[in-house]
Amino acid sequence: MTSMETLSPNMALAQDLDWWRGAVIYQIYPRSYQDSNGDGIGDLGGIISRLEYIASLGVDAIWISPFFTSPMLDFGYDVSDYKDVDPMFGTLSDFDALVAKAHKLGIKVLIDLVLSHSSDQHPWFAESRANKTNAKSDWYVWADAKPDGSPPNNWLSIFGGPAWQWDGERMQYYLHNFLKEQPDLNLHNAEVQDALLDVTRFWLERGVDGFRLDTINFYFHDQDLRNNPALAPEDRNSTIAPAVNPYNWQEHLYDKNRPENLDFLRRFRSLLNEFPGAMAVGEVGDAQRGMEIQAEYSSGGDKVQMCYSFEFLSGERPSAEFLGDVLTRFEATAPDGWACWAFSNHDVERYPTRWGLSEAANRAYVAAMMSMRGSVCLYQGEELGLSEADVDFDDLQDPYGIRFWPKFKGRDGCRTPMVWQSDNGNGGFTDAKPWLPVAAEHLNKSVAAQEQDDDSLLSFYRRMLAFRAAQPALVKGNFALIPGADGVLSFLRCYGDARVVCIFNLTDEPKEVALPAGNWTICTDAPFPAPDGQLIGPWGAVFAKEEA
Ligand code: BGC
Ligand code: MG
């Protein structure tokens, strides 16, 4: 087995710089994690007070969703000052304290950079919209109306309606892929790139270990503003927007996914390289070409280190066959790339609800995700098995949900507060009225309740993370699918001499297990009962090791 001690000092350093490969990242939605100042909204102070808990999970890093100055129309994904903390969340010195404490606990810190668009309240936009001749006139995407006054082309906003907003001051339309209050920055302009790289440098110098790059494939648009072609109804795919959204009816050839992005990502990477160990994970949202784009952006060692995958964020419960197919396709499409897998985040329905999972099924799926080749993002509360909360229309905050209600209820149901205690109506999240109601059915799943139970889901996550961390093959090893019985996912992970076979029964019936030829020992430290002879129980998992 390869260990740090057997490597030369240089190789050990190189291995350390690769910490992101196979890392487990815990995503924090700061509004909903822990309130520390009694205003009903989570904040940096709250995160600081919970870092010991996060360390106790055994994760490698945290990704904190945006906490920058913002009018909060998209809850921080609309930034009006990239270099400051919104007073709602705290101050820059709170952020410094957070980084210092996280590092002391051995946790890396990733922040969420929203570079594709800013808030319309950003001073850059105020200047840009003033007229067609100011120094920042070209910092956003402005275009004339068609002769009949209608928008320049057929591009659509993900949050509903055309992607163009008329501006009476400039007498032009501007582009926005999300809310009209999130104007799209024009990265074709080198000064805009410089300004965004300057923001990136600001946070690297403050000590962050890396970035989650929001909507990384939206950075560039087609300068000729060509119309997107329509998709045939049978090709519409709703992996990044709900089925009710006509955004799914187009092939997004021209409003995103543009080739100029590769050169910008190279500039971005050169900056990262000045800070050894700094990394970026790009969020690639594209229903048609997502995997190809992930491969493009994360390969070659000169762009981002990895891309965040949408493959397991959609509605239908993935079968063993589907999981095996995605993993095999990723190997073929991106042999040199790196994926970051997730089942949940702040944008999608929580997966136990989305997939209708029992707790036993939940465990099998999580174990499968933690064994895949790639890095992993866990979303706060999934370690407790939180279900999607049902939020009344009157309590709704998310403009996306308000727009498409009731067929799509938006993202509030996965953003309700974390539950720390069971004996408190607000789950210990706040003493005030929380910004979104705490779901009553979450209370008995609190951290305090589950910490007292060795068999709880929380205990399972901890054991599974510890098991993964102890197996270099699961963290960094290569991958080969092993054909298995229907409903059974089997694969082999190898790293140097260490080989681990991973088998997941994703059905509610016992299945026969066949290990490949070799001298295999069942891992008894995995958090699953040992197989019964040749049989693996419903929702069971088997890990077996062979060390040559
Ligand atoms: C973020 C969303 C956000 C959008 C616009 C995303 O993909 O995860 O929460 O609304 O980008 O910034
Ligand atoms: Mg607060």
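## Report on a predicted protein chain

Of the 548 residues of the chain, 60% count as buried, where buried means under 20% relative accessible area, exposed over 50%, and partly exposed in between (1.4 Å probe, protein chains only). The model is predicted: local features need pLDDT of at least 70, side-chain atom pairs count only at pLDDT 80 or more, and totals for chains, interfaces and linings use all residues. Residues are numbered from 1 along each chain as its sequence is written, ligands are numbered from 1 in the order in which they are written, and side-chain values use heavy atoms, with hydrogens and water left out.

**Overall form**

The chain contains 15 helices and 20 strands; these are DSSP runs, with helices being H or I of at least four residues and strands E of at least two, numbered from the N terminus. The radius of gyration is 23 Å, close to the 24 Å that the globule rule gives for 548 residues, so the chain is as compact as a globular protein of that length. This radius is taken over C-alpha atoms, and the rule is 2.2 Å times the number of residues to the power 0.38. Along the principal axes, the C-alpha atoms fill a box of roughly 75 × 50 × 50 Å. Among contacts (heavy atoms within 4.5 Å) between residues at least 6 apart in sequence, 69% join residues at least 24 apart.

**The magnesium site**

The protein donors of the magnesium ion (ligand 2) lie 2.2 to 2.3 Å from it and are Asp-35 (OD), Asn-37 (OD1), Asp-39 (OD), Ile-41 (O) and Asp-43 (OD). Donors are N, O and S atoms within 2.8 Å of the metal (3.2 Å for Na, K and Ca); water is not among the atoms, so sites may look incomplete. In sequence, the donor residues follow the spacing D-x1-N-x1-D-x1-I-x1-D. Asp-35 is buried, with a relative accessible area of 7%, and Asp-43 is buried at 2%.

**Individual residues**

A cis peptide bond, with omega about 0 degrees, joins Trp-405 and Pro-406. Pro-406 lies in the loop between α12 (399–404) and α13 (447–451). Ala-295, in helix α8 (residues 290–298), is buried at 7% relative accessible area. Not counting residues up to four places away in sequence, Ala-295 touches Thr-333 and Ala-334.
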